[in-house]
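This briefing goes through one protein model by topic. The sequence and structure come first, followed by the notes.

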Amino acid sequence: MYADSETIRRILTGSGDTWAVVGLSANTARAAHGVAEVLQRFGKRVVPVHPKAETVHGEQGYATLADIPFPVDVVDVFVNSELAGAVADEAVAVGAKAVWFQLGVVDEAAYERVRAAGLDMVMDRCPAIEIPRLG
């Protein structure tokens, strides 16, 4: 219901190439690190968003979405569901085209707000799993 195949395809192939990955740090044991690497291999620019603002995969990190000094196309969210709604609202505020909540990240009210603002959104899915399904 929150991840139809057409929306997934549109985000992965047409929403743009700059992905802000919220929760991405230099910690290689975290899922965000590996997913960001897959996104880069797929031709996406990955911008780390984490309180530490670390450089990851060769890209400068930022503490918040609002700190990023250039447009972001997709906001990929690797935070707990309790925090995800606020990130979704920030994504709308910075003018992102789409929001992607990772596996296990669910906030139905945030989904409704993002869609009402006119953005595409996928929830409880992983782009690293969905990319190979594009064919």
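**Around Leu-103**

Leaving aside residues up to four places away in sequence, Leu-103 touches Asp-124, Arg-125, Cys-126 and Ile-129. The model is a predicted one. Leu-103 sits in the loop between strand 4 and helix 4. Its C-alpha atom is 8.5 Å from that of Phe-78, a residue 25 residues apart from Leu-103 along the chain.

**Overall make-up**

- The protein contains 5 helices and 5 strands.
- Along the sequence, these elements follow the pattern α-β-α-β-β-α-β-α-β-α.
- The radius of gyration is 13 Å, close to the 14 Å given by the globule rule for 135 residues, so the protein is as compact as a globular protein of that length.
- Taken along the principal axes, the box filled by the C-alpha atoms is roughly 35 × 35 × 25 Å.
- Of the 135 residues in the protein, 50% are buried.
- Among contacts with a separation of 6 or more, 58% are between residues 24 or more positions apart.

- The 5 strands form an open sheet in the order 2-1-3-4-5, and the pairing is parallel.
- Strand 2 (45-49) and strand 5 (120-122) are the edge strands, each pairing on one side only.
- On average, neighbouring strands of this sheet are turned by 20 degrees against each other, with direction ignored.
- Strand 3 (residues 74-77) and strand 4 (residues 98-101) run parallel and are joined by 4 bridges.
- Within this pair of strands, Val-74 stands opposite Ala-98 of strand 4.

**Helices against the sheet**

- Helix 1 (residues 5-14) packs on the sheet, where it touches strand 1 (18-22), strand 3, strand 4 and strand 5.
- The direction of helix 1 makes about 110 degrees with that of strand 5.
- Helix 4 (residues 108-116) lies across strand 4 and strand 5.
- Relative to strand 5, helix 4 runs at about 160 degrees.

**Aromatic pairs**

- How many aromatic pairs does a search of the whole structure find? The search finds 3.
- In one of them, the ring centres of Tyr-2 and Tyr-111 are 4.5 Å apart and the ring planes stand at 75 degrees, so this pair is edge-to-face.
- Tyr-2 belongs to the segment before helix 1 and Tyr-111 to helix 4, so the pair ties together parts that are 109 residues apart in sequence.
- Both Tyr-2 and Tyr-111 are buried.
- Another pair is formed by Tyr-62 and Phe-70, whose ring centres are 6.2 Å apart; their planes are at 80 degrees, so the pair is edge-to-face.
- Why does Tyr-62 count as buried? Its relative accessibility is 16%, and buried means under 20%.
- Phe-70 has a relative accessible area of 21% and is partly exposed.

How values were computed. Residues numbered from 1 in each chain as written. Predicted model: local features only at pLDDT ≥ 70, side-chain atom pairs only at ≥ 80, totals over all residues. Heavy atoms only, no water. Pairing = 2+ DSSP bridges. Helix = DSSP H or I, 4+ residues; strand = E, 2+ residues; numbered from the N terminus. Axes fitted to C-alpha atoms, helices over the stretch in contact; angles between N-to-C directions. Contact = heavy atoms within 4.5 Å. Rg over C-alpha atoms; globule rule 2.2 N^0.38 Å. Buried < 20%, exposed > 50% of the residue type's maximum accessible area, 1.4 Å probe, protein only. Phe/Tyr/Trp six-rings, centres within 6.5 Å; stacked < 30°, edge-to-face > 60°.
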